[in-house]
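Please keep the sequence and the model in view while reading.

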Amino acid sequence: MLDLAKYQSVGAALKDALDRFAREVCLIEVDREREKERLTYRDFKERAHPLAKALQDAGFSAGNRASIIMTNQSKWLISAYAVFFAGGALVPLDYKLTPDEQWQLLKHSGATILITEYPVWRQLSVSAGRASANVQTVLVTEAPSNAELEGARRWEEFRSEGEPSFLPRTRKDIACVVYSSGTGGRPKGCMMTHENYLEQCVALTSLYPFWPGVRYLSILPTNHAIDFMVGFFGPFTCGAAVVHLRTLRPEYVREAFPKYKITYVSLVPLVLKNLQKGLQARFAALPRGKRKVFNVVAINKMLTKGRPRLGISRLLLKQVHEAFGGELRAIIVGGAFTEPQTLQFFYDLGIPVANGYGLTEAGTAITVNDLRPFRADTVGKPLPGMEVRIMNPASDGVGEVAVRGKTVMAGYLNDPELTAETIVDGWLMTGDLGKFYKHGHLQLSGRKKNMIVTEEGKNIYPEDIESVFEGLPVKEFCVFAANYIWPKRSMTGERLVLALHLEQGQPYSDELRREINVRNQRLLNYKRIHGVVLLEEDFPRTASLKIRRNVLAEGLSKLDSATAVLPL
Amino acid sequence: MRTLEQTTREVLDLATKHFQLPEGSLAPEDDFFKRLGIDSLQTLEMLSRLENHFGIELPDYEVQGVSDFKTLAERIQSRL
């Protein structure tokens, strides 16, 4: 691994990695059963440098911002490297957002260059939001030869001859603007510095190391903080390889493990749970004679109580491990809360799950389970260099989790007010509730903030979806996370509810319910509300007439949640 | 060659069988996330079944943002 303490920027470290590991394979790209590409670090450099030169020739320079909206593929990483090489900052956006949401964030980020895929551009180019953003150059990958590009240029042809000049950056400069939320409401563009990434990489790889020959299967979107770190920066600075799948169909994902001898993979809890169900169904279908697997699991469980013993587990549970390729060292899970029984299930099979807790605002991860010992009911211990504190703990030790360290973001882009609310005296207030156990494991137990996280790892802020209900024929309305109104010591099954104040004498009619349903359907499935709460009083408001959400939530909390939430 | 109407009907029939619903209980405009209560993974599984049935390859990005059977059938039709 490179000694990252010596580096000032992500670009400088990657630049050296491409030379140091020139002959190693860095990327394998697969579409279903077809391997499309296999690149060494030298090949990667040869693809990226002409792109960096073309960016520089187009006037892209230090501090300029370029956005990437792409599914996981080699061109994502090649483009990102070219941007860093040219001294730019990256704005990685979620390809699953709607075109309007993407334009809003492009506008907010100030990106002047957009690098995207043809199917995404097909929708973006005709979206009304295009006019408002300041994007001057659009590069589109994989466009069919006869496609009308609506002012965009082909990524494959955007190349210049000659060597680009590397533009150095300092540790305190912004490397990426990563949106943790905020489409439609208040965009939260986390300004991540080069230092944030360099420090986080050192901390994470001290627990879960990469080296040449390691293969990481990239499934989580690369715009997500976890995949950016463990599916790009981490493996690249260690000479490891990243495997990209162009489809996420379970059957092809399953096939990839043995075919490419995967070492690490990151998953969201939903996918992990799905894997668990699949394995459990296979165990249950075993004929009586083969059921000794359950005894073997029990033996493995006993032998790995204090620490994982990969060699022993691979021997004892050969078939299970072979289904995962036989080289899997850990499944990294993140983005949302994972149920302890799922974690325990995999640990007992000898497949450790690196369960952690993180926020985009804090770098990738705050805590990770170091497996010494494994505690399925916790999110592990703070990473090296990370200070974690429980603020104002109650008698049971539970309080708000606060974080300080070199991986905490510089602040929210263009929002000093929100930054000041979030980073107080150098401590990042996470809005999550938790407590520490005596050996230093952190256990999360709920949320203080008005938001939900789905099992697929999506952060949903109520403010962001309210625009869909604008103009609803009611006196006033407000969307809440149900747990924010009725706090629950739980991190799963979170729901959004719509608080309604009807006009005097207005009934909650079938017609109104239908109208709410129609509008709700316009939201992406995971952003939808699950019920309505009716209120008969005026909503409390500030002098500037903004709803005082915390006061309103307090009022609502006096209602009984079991009867107050009307299903749609 | 199937008409869009036929394709739509076959999509609905297949989803009805796949999720073991009473016959005729799905409509073209139905949102499959809401109507079937499925997540994105189960949707991908349903897509694989549809691909096998129609003998086509439907890349994941083609169905990005699609949540009703009618649009899904249109995307399939364009590849038949």
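This is a predicted model: local features need pLDDT of at least 70, side-chain atom pairs count only at pLDDT 80 or more; totals for chains, interfaces and linings use all residues.

In which kind of crossing, left-handed or right-handed, does α1(B) pass α4(B)? The crossing is right-handed. From α1(B), the residues B:L4, B:T7, B:T8, B:V11, B:L12 and B:A15 take part in the contact. They meet B:F69, B:K70, B:L72, B:A73, B:E74, B:I76 and B:Q77 of α4(B). Sorted by class, this contact comprises 8 nonpolar, 3 polar and 2 charged residues.

Helix α1 of chain A spans residues 10-20, and helix α7 of chain A spans residues 225-238. The two pack at an angle of about 45°, and their axes are 8 Å apart. This angle makes α1(A) oblique to α7(A). Here the crossing is left-handed. The α1(A) side of the contact is formed by A:V10, A:A13, A:L14 and A:A17, which meet A:F233, A:F236 and A:T237 in α7(A). By class there are 6 nonpolar residues and 1 polar residue in this contact, with no charged residues.

A further helix of chain A, α8, covers residues 250-260. Which of its residues are buried? They are A:V253, A:A256 and A:F257. Viewed down the axis of α8(A), these buried residues fall within an arc of 100°, so they line one face of the helix. Among the elements that cover them are three strands of chain A, namely β1 (25-31), β10 (215-218) and β11 (241-245). Just after α8(A) comes A:K261, whose phi is positive, at about 45°.

Attention now passes to the place where the two chains meet. The contact draws 15 residues from chain A and 16 residues from chain B. On the side of chain B that touches chain A, α2 (32-36) and α3 (40-54) of chain B each supply at least two residues. The element that gives the most to this side is α3(B), with 5 residues. The residues of chain B on this side divide into 6 charged, 5 polar and 5 nonpolar.

The peptide bond from A:R372 to A:P373 is cis, and its omega is near -5°. A:P373 belongs to the loop between β15 (367-368) and β16 (381-382) of chain A. A:E150, in the loop between β6 (137-141) and β7 (153-154) of chain A, has a phi near 50°, a positive value in a residue other than glycine. A:E150 has 13 C-beta neighbours inside 10 Å and therefore counts as partly exposed. A phi near 50° is also found at A:D425, again in a residue other than glycine. The loop that holds A:D425 runs between β20 (423-424) and β21 (427-436) of chain A. Because A:D425 has 7 C-beta neighbours inside 10 Å, it counts as exposed.

Is A:E117 buried or exposed? A:E117 lies in strand β5, residues 113-117 of chain A. A residue is buried if 20 or more other C-beta atoms lie within 10 Å of its own; A:E117 has 21 such neighbours, so it counts as buried. Leaving out residues up to four places away in sequence, A:E117 touches A:M70, A:T71, A:V140, A:T141 and A:E142. Its C-alpha atom is separated by 31 Å from that of A:L204, which is 87 residues away along the chain.

The other residue is A:T419, in helix α14 of chain A, residues 416-422. With 18 C-beta neighbours inside 10 Å, A:T419 counts as partly exposed. Setting aside its neighbours within four places in sequence, A:T419 is in contact with A:G411 and A:Y412. Between the C-alpha atoms of A:T419 and A:M409, 10 residues apart along the chain, the separation is 9.7 Å.

Technical notes: Residues are numbered from 1 along each chain as its sequence is written. Chains are lettered from A and ligands numbered from 1 in the order in which they are written. Two residues are in contact if their C-beta atoms, placed from the backbone, lie within 7 Å. Helices (H or I, at least four residues) and strands (E, at least two) are DSSP runs, numbered from the N terminus. Ala, Val, Leu, Ile, Met, Phe, Trp, Tyr, Cys and Pro count as nonpolar, Asp, Glu, Lys and Arg as charged, and the others, Gly among them, as polar. A residue is buried if 20 or more other C-beta atoms lie within 10 Å of its own, exposed if 12 or fewer, and partly exposed in between; C-beta atoms are placed from the backbone. The arc is that of the directions from the helix axis to the C-beta atoms. Axes are lines fitted to C-alpha atoms, for helices over the stretch in contact, and angles run from 0 to 180 degrees between N-to-C directions. Angles under 35 degrees count as roughly parallel, over 145 as roughly antiparallel, 65 to 115 as roughly perpendicular and the rest as oblique. A crossing is left-handed if the near helix is turned anticlockwise from the far one by less than a right angle, and right-handed if clockwise.
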